[in-house]
Amino acid sequence: MNVFMLGANVMAAFVIGLFFLRFWKKSRDRLFVYFSLAFWMMGLNWVALAFSQRDEAQTALYIIRLLAFGIILLGIWDKNRQQPARAGGQTVEHP
Amino acid sequence: MAEAVYILCMLASLACALLLFRGFRRSRARLLLWSSVCFIGLTANNALLFADKVVFPEVDLSLWRSMTALVGLLLLIYGLVWDAE
Amino acid sequence: MGRDAVPEHVRNFIAEHVRSLKSLELLLMLHADPGRAWTGTELGRELRAAPEWAQRELEDLAGRGLAAPGTAAGTFRYAPRRTELDETIAMLAALYPERRFTIIQIIFGAPEPIQSFADAFKLRKDPSDG
């Protein structure tokens, strides 16, 4: 039963990653690349989990999970160090 | 080491959930609500993982872990399909 | 429906760089005469706007890679950092006279959900969001 759910998770994560990839193409916002990769990493994590005989903590499986969320944190950091023009501290007054 | 990773992942997904919910409050874009819910599911997934490995090692929580993630992911897919414009 | 007449990259440019109609007109004025270096006073006179506002706009544009300082102090001229920006601005300049209403809608319309998703991860509160 769990393997079935893990399979479903993998599929869902894959599709979500695809959507984020499409958003990146539309908006050219790098953040979506990070999210896309992160969800695919999560999918990979669940693939590994489904095929591993032993569970997550015993193996080094948590590294993949760490990578997934690390990518997200990296994306958030990246987003905030290159603020797009409108968001900058400038307050341009209207005449 | 593994425990620290689970906690970190839990905090990261919680942060995403909160940021997205704040974004939903500001923009009223439903996609952000679904995204927030998805990350709450992932937070629960990570929390249950921690509970499974550290707090209740004798109990097998793997089904609950998978389920919380799946519910979150499915709701996000719903949002991506219908509310992403 | 009118939005479709404005290509995606132009819409994205507007969403990212254009905060008001006057800002857009200032940018287009720069674009119309690329060799010329403007001061805030000159632009203010042309656009019927406050010179101080125009000067700040110029500095803002320079900060974003759309303008560059001229030889004289305090002057700026049209200088997009990348060619795609120039192409997008050229298209915007061509569309503006004919699609003014649509462009106004894009400037002031609600941001798309995708944009809102990305904006949600800006940690500092941005007054222009939501």
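Helix α1 of chain A, α1(A), packs against helix α7 (residues 113-120) of chain C at an angle of about 100°, with the two axes 11 Å apart. Axes here are lines fitted to C-alpha atoms, for helices over the stretch in contact, and angles run from 0 to 180 degrees between N-to-C directions. The angle makes α1(A) roughly perpendicular to α7(C), a term that covers 65 to 115 degrees, while angles under 35 count as roughly parallel, over 145 as roughly antiparallel and the rest as oblique. On the α1(A) side the contact is made by A:F23, A:K26 and A:S27, and on the α7(C) side by C:I114, C:Q115 and C:A118. Two residues are in contact if their C-beta atoms, placed from the backbone, lie within 7 Å. By class, this contact has three nonpolar, two polar and one charged residues. Ala, Val, Leu, Ile, Met, Phe, Trp, Tyr, Cys and Pro count as nonpolar, Asp, Glu, Lys and Arg as charged, and the others, Gly among them, as polar.

The model is predicted: local features need pLDDT of at least 70, side-chain atom pairs count only at pLDDT 80 or more, and totals for chains, interfaces and linings use all residues. Residues are numbered from 1 along each chain as its sequence is written, and chains are lettered from A and ligands numbered from 1 in the order in which they are written.

**Chains B and C**

Chain B has three helices and zero strands, in the pattern α-α-α along the sequence. Chain C has seven helices and two strands, and from the N terminus on its elements run α-α-α-α-β-β-α-α-α. Helices (H or I, at least four residues) and strands (E, at least two) are DSSP runs, numbered from the N terminus.

| Chain | Box of C-alpha atoms along the principal axes | Buried residues |
|---|---|---|
| Chain B | roughly 45 × 20 × 15 Å | 51% of the 85 residues |
| Chain C | roughly 45 × 35 × 30 Å | 32% of the 130 residues |

A residue is buried if 20 or more other C-beta atoms lie within 10 Å of its own, exposed if 12 or fewer, and partly exposed in between, with C-beta atoms placed from the backbone. The radius of gyration of chain C is 15 Å, which agrees with the value near 14 Å that a compact globule of 130 residues would have. That radius is taken over C-alpha atoms, and the globule rule is 2.2 Å times the number of residues to the power 0.38.

**Contact between chains A and B**

Chain A and chain B contribute 20 residues each to their contact. On the side of chain A that touches chain B, α1 (2-27) and α3 (62-81) each supply at least two residues. The largest share of that side, ten residues, comes from α1(A). Its residues divide into 15 nonpolar, two polar and three charged.

**Nonpolar cores**

A nonpolar core is a set of buried Ala, Val, Leu, Ile, Met, Phe, Trp, Tyr and Cys residues joined through C-beta atoms within 7 Å. The largest such core has 59 residues, and those with the most contacts inside it are A:A13, A:I16, A:A38 and A:I72. Each of α1, α2 (31-51) and α3 of chain A, α1 (2-27), α2 (30-55) and α3 (62-82) of chain B, and α7 of chain C supplies at least two residues of this core. Leaving aside neighbours within four places in sequence, A:I16 is in contact with A:F39, B:L73, B:L76, B:I77 and B:L80. A second, separate core of 21 residues includes C:V10, C:F13, C:A67 and C:I103.
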